[in-house]
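Have the model open as you read.

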Amino acid sequence: MTSIVLVSHSENIALGTQQLLEQMAPGVSVIAVGGHNGEIGTSFDTIFAAIESLEDDAVCFFDIGSSEMNLDMALEMYAGSQRVEKVTAPIVEGSFIAAVAISTGNDIDAVIGAVNDEF
């Protein structure tokens, strides 16, 4: 099953979105990566570690600025066997659509398509 990775400058946004998705689409794996050292920001190392730990294919959502830059670098460095794709859509709304699509049995291509259809 496809997983979701959330990358936000805010730990609260990442965790709150994770909580929303887990309640609305139980069983979908959601990994929240938010903040840096308890502050607003992002960390390449933390994002890369989250991607490296994936056991399934994943779609990744981001909020602003360096979250996309660090996610892009992490994806470029990733050499694992899972398919990991960045999806450009609002982090809450896009990941919600992805979670629903995953929960109804869609593969990663259909999940990405569902998000792209809306945004």
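Between the end C-alpha atoms of residues 1-119 there's a gap of 23 Å, and the span is 50% helix and 16% strand. Helices (H or I, at least four residues) and strands (E, at least two) are DSSP runs, numbered from the N terminus. UniProt, in an unreviewed entry, puts the feature "domain: PTS EIIA type-4" at residues 1-119; such annotations may be inferred rather than shown by experiment.

This is a predicted model, where local features need pLDDT of at least 70 and side-chain atom pairs count only at pLDDT 80 or more. Residues are numbered from 1 along each chain, and side-chain values use heavy atoms, with hydrogens and water left out.

Now for the helix pair. Helix α2 and helix α3 pack at about 45°, with their axes (lines fitted to C-alpha atoms over the stretch in contact) 9 Å apart.

| Helix | Residues | Contact residues |
|---|---|---|
| α2 | 44-52 | Phe44, Ile47, Phe48, Ile51 |
| α3 | 66-77 | Ser67, Asn70, Leu71, Met73, Ala74, Leu75, Met77 |

The residues of this contact split into 9 nonpolar, 2 polar and no charged.

Last stop: Asn37, in the loop between β2 (30-34) and α2. Its phi is near 55°, a positive value in a residue other than glycine. Most residues other than glycine have a negative phi.

Notes: Axes are lines fitted to C-alpha atoms, for helices over the stretch in contact, and angles run from 0 to 180 degrees between N-to-C directions. Contact means heavy atoms within 4.5 Å. Ala, Val, Leu, Ile, Met, Phe, Trp, Tyr, Cys and Pro count as nonpolar, Asp, Glu, Lys and Arg as charged, and the others, Gly among them, as polar.
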